[in-house]
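The report below is meant to be read beside the coordinates. It treats the ligand shell, the elements that supply it, and a few individual residues in turn.

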Amino acid sequence: MLSFDRVAHLSDANAGPGLLSGAVPLDPSAALLTDRVAVVTGSAIGIGEAIALAFARFGAHVAICDRDVENLDGTADGIEAAGRRVVAAELDVRDEDACREFVHTVRDELGGVDVLVNNAGGGFFADFVDVNAKGQDALVRENFGSVTNFVRPVVAAMGERGGSIVNLTSIEAHRAAPGYAVYSAMKAAVTSLTMSLALELGPRLIRVNCIAPDVIPTPGVGPVGVHTPLPVAGHVDDVAACAVFLASDLSRFVTGTTIHVDGGNLAAGGWHRRSDGQYVTHAP
Ligand SMILES: NC(=O)c1ccc[n+]([C@@H]2O[C@H](COP(=O)([O-])OP(=O)(O)OC[C@H]3O[C@@H](n4cnc5c(N)ncnc54)[C@H](O)[C@@H]3O)[C@@H](O)[C@H]2O)c1
């Protein structure tokens, strides 16, 4: 049984807007993002599009950006169809000035930022020794600079009620990735950055977490086979569901960690599921 002092302390700590009160039982409204402002990068197609549309369906106003302006229009239409406000911009997430300017526009037009999803990223297949300095620099800016370019202005735009930052990393941040060595090293760097930021920004009620997907069919990744421990195909909405959780008050005590949306692949390690359901340590 809680003493009165303890109850008072809990409700003080939970008093900020946008947080669960602690005084009422958990209910489904905690999953909603009603009138929150969310920024989702790389939201023209794939996982970013799915997250932006899910956020709108859960009540958020959504700011979207991408270098693929044609498909970004389709995402903007979807957000408006859900009855939410949208701010959209064509930009390259490697361009620090463009990212800062976009965040300032979002702050001015939508009144601040509550949620940031650093989704844009990608790489190309090449042996490490064949990647020249220019290629390496592009991969660093695409997968690491893209995150820091947004974190700094967004943290400044988050108010006293804090917020949530979600970084899309990869299963490759947690294992070897032959042919994608620099990409995976940068995803591991984002994982590390996430933990440090969780500590630095925790006192400001800003939570910072990662989602590490694997084998989610998208235009970038293409079709993928079903060899996961869960014998079902992954879907972009599986990632969007995690993003909604991490953006919402359901996860208000979750920071500095990674949720793996990979059908069990990281847990499988070197184990492979055969079609008869048995596991073997050599490829079937
Ligand atoms: N799909 C998967 O299974 C998987 C696995 C591991 C990690 N991820 C990560 O999830 C994120 C999304 O992956 P996806 O499969 O949806 O990718 P995708 O290639 O299908 O879509 C990426 C989107 O980001 C945009 N983008 C990329 N670089 C950009 C830049 N420099 N400036 C502006 N826009 C840019 C693209 O135009 C596109 O709209 C990425 O960070 C990726 O590394 C995905």
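Is L205 buried, exposed or partly exposed, and how many other C-beta atoms lie within 10 Å? L205 is partly exposed, because 18 other C-beta atoms lie within 10 Å; a residue is called buried if 20 or more other C-beta atoms, placed from the backbone, lie within 10 Å of its own, exposed if 12 or fewer, and partly exposed in between.

The model is predicted, and therefore local features need pLDDT of at least 70 and side-chain atom pairs count only at pLDDT 80 or more, whereas totals for chains, interfaces and linings use all residues. Residue numbers start from 1 along each chain as its sequence is written.

The ligand is surrounded by 27 residues, of which G42, G46, G121, T218 and G220 are the closest; a residue is near the ligand if its C-beta atom, placed from the backbone, lies within 6 Å of it. By residue class the shell divides into eleven nonpolar, nine polar and seven charged, where Ala, Val, Leu, Ile, Met, Phe, Trp, Tyr, Cys and Pro count as nonpolar, Asp, Glu, Lys and Arg as charged, and the others, Gly among them, as polar. Helix 2 (residues 46-57) supplies the largest share of the shell, namely three residues; helices here are DSSP runs of H or I with at least four residues, strands are runs of E with at least two, and both are numbered from the N terminus.

The twelve residues of helix 2 should span 16 Å at 1.5 Å a residue, and the end C-alpha atoms are 17 Å apart, which agrees; the expected span is 1.5 Å times one less than the number of residues. Eleven of the twelve residues of helix 2 are buried, among them G46, E49, I51 and F55. After helix 2 comes G59, with a positive phi near 110°.

**Core and strands**

The largest nonpolar core has 70 residues, and A38, V39, I51, F55, V62, V239 and A243 have the most contacts inside it; such a core is a set of buried Ala, Val, Leu, Ile, Met, Phe, Trp, Tyr and Cys residues joined through C-beta atoms within 7 Å. Leaving aside neighbours within four places in sequence, A38 is in contact with residues including F55, V62 and A247, contact meaning that the C-beta atoms, placed from the backbone, lie within 7 Å.

Strand 1 (residues 37-41) pairs with strand 2 in the parallel sense over five bridges, pairing being assigned if DSSP finds at least two bridges. T41 stands opposite C65 in strand 2. From strand 2, H61, A63 and C65 point one way and V62, I64 and D66 the other way, yet all are buried.

**Individual residues**

Most residues other than glycine have a negative phi. D35, in the loop between helix 1 (4-13) and strand 1, has a positive phi near 65°, and L205, in the loop between helix 6 (181-201) and strand 6, likewise has a positive phi near 65°. The exposure of these and two further residues is tabulated here.

| Residue | Other C-beta atoms within 10 Å | Class |
|---|---|---|
| D35 | 14 | partly exposed |
| L205 | 18 | partly exposed |
| P231 | 12 | exposed |
| R273 | 20 | buried |

P231 is in the loop between strand 6 (206-213) and helix 7 (236-247), and its C-alpha atom is separated by 9.3 Å from that of S275, 44 residues apart along the chain. R273 belongs to strand 8 (residues 272-273) and, not counting residues up to four places away in sequence, touches H227, P229 and Y279.

Terms used
Contact = placed C-beta atoms within 7 Å.
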